[in-house]
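Please look through the sequence and the model below before reading on.

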Amino acid sequence: MSEPHERTVEIVPEAGLHARPAAKFVETANDHDATVKIGSAEDGDEDLIDAGSMIAVTSLGVKQGEHLRIVAEGEDAEEALDALERVLSTPEGKS
Amino acid sequence: MSSTITKEDIDELLPEEQISLEEPPTTKDACIEHLLDLIVTTGRVIDRERALEALLAREEQTTTGVGMGIGIPHAQTDAVERPSLAFTRSSAGVDFGSMDDEPAKLLFLILVPASGGEDHLEILSALSRALMHEEVRDGLYAAETPADVQSVLQEAVA
């Protein structure tokens with residue numbers, strides 16, 4: 001198994017990781033083969049939750065300006081992180 | 001990240017009158033109106049039409065069917081005077097167009113005044129956190145009275 005890749009990304013959409021950006025984020029996570037887990041910037045590995053589950057993403061309640069820690073593991077982990085970062089960095093209405 | 005709702009908040013957000021254990025309508029929009037009417041009945045909604053418009057506008061963006069058999073339609077609107085929840089459950093499930101294709105069986109509605117700032121996201125995330133636990137979902141399926149529903153949620157946020 002490959003090493004996990006990770007990055008911490010600031011949430012740009014005004015609504016936070018909620019509504020349309022959240023749905024786009026979950027879809028993007030599911031579009032990749034890599035296993036993607038997320039948490040708040042302070043969360044340890046054991047607190048990370050499944051990025052491919054809408055209720056899990058909703059449960060985080062991440063707001064605009066806050067940071068999200070994303071950990072991806074698998075062959076397309078880096079591509080997954082790039083795509084997810086794009087979702088979080090795109091202001092609403094521009095995607 | 002977000003402060004949780006407390007045990008005491010449950011009675012205030014979701015009084016027994018805003019919980020219905022009768023079978024709700026079988027379509028998503030009718031179900032949202034049904035949940036809204038539970039809050040209208042307790043006198044907390046100032047403008048029913050405006051509240052409904054806000055809820056349906058939110059569904060237009062993307063469904064509030066969050067998977068795991070759960071639907072949480074919600075809106076932030078001045079048509080409501082204070083943060084309020086409603087709950088019902090459907091044994092057959094209602095098609096919410098959720099990403100996991102599971103029909104929504106546990107249905108919550110959240111209305112928060114437009115001035116409520118971050119209350120809206122905090123209630124939504126606290127509720128979602130609670131509902132991720134299987135024992136909480138099982139408790140809601142098993143509840144026989146509105147008071148049972150309140151207790152399950154109080155336990156879940158405690």
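## Strand pairing and overall form

A:Lys37 stands opposite A:Asp50, which lies in S3(A). This is a predicted model, in which local features need pLDDT of at least 70 and side-chain atom pairs count only at pLDDT 80 or more, while totals for chains, interfaces and linings use all residues. Residues are numbered from 1 along each chain as its sequence is written, chains are lettered from A and ligands numbered from 1 in the order in which they are written, and side-chain values use heavy atoms, with hydrogens and water left out.

Chain A has three helices and four strands, where helices (H or I, at least four residues) and strands (E, at least two) are DSSP runs numbered from the N terminus. Along the sequence, these elements of chain A follow the pattern β-α-β-β-α-β-α. The radius of gyration of chain A, taken over C-alpha atoms, is 12 Å, close to the 12 Å that the globule rule gives for 95 residues, so the chain is as compact as a globular protein of that length; the rule itself is 2.2 Å times the number of residues to the power 0.38.

The four strands of chain A form an open sheet in the order S1-S4-S2-S3, with antiparallel pairing, and two strands are said to pair if DSSP finds at least two bridges between them. S1 and strand S3 (49-50) of chain A stand at the edges, each with a single partner strand, so one side of each is left without a neighbour in the sheet. The table lists the pairs.

| Strand pair | Sense | Bridges | Residues opposite each other |
|---|---|---|---|
| S1(A), residues 5-10, and S4(A) | antiparallel | six | A:Thr8 and A:Arg69 |
| S2(A) and S3(A) | antiparallel | two | A:Lys37 and A:Asp50 |

In strand S4 (residues 67-73) of chain A, five of the seven residues are buried, so this strand is largely enclosed by the rest of the structure. Here buried means under 20% relative accessible area, with a 1.4 Å probe and protein chains only. Over the 95 residues of chain A, 52% count as buried.

Among contacts (heavy atoms within 4.5 Å) in chain A between residues at least 6 apart in sequence, 78% join residues at least 24 apart. Chain A has 8 positive and 22 negative side chains, where Lys and Arg count as positive and Asp and Glu as negative, without His and the chain ends.

How values were computed:
Buried < 20%, exposed > 50% of the residue type's maximum accessible area, 1.4 Å probe, protein only. Charge placed at Lys NZ, Arg CZ, Asp CG, Glu CD.
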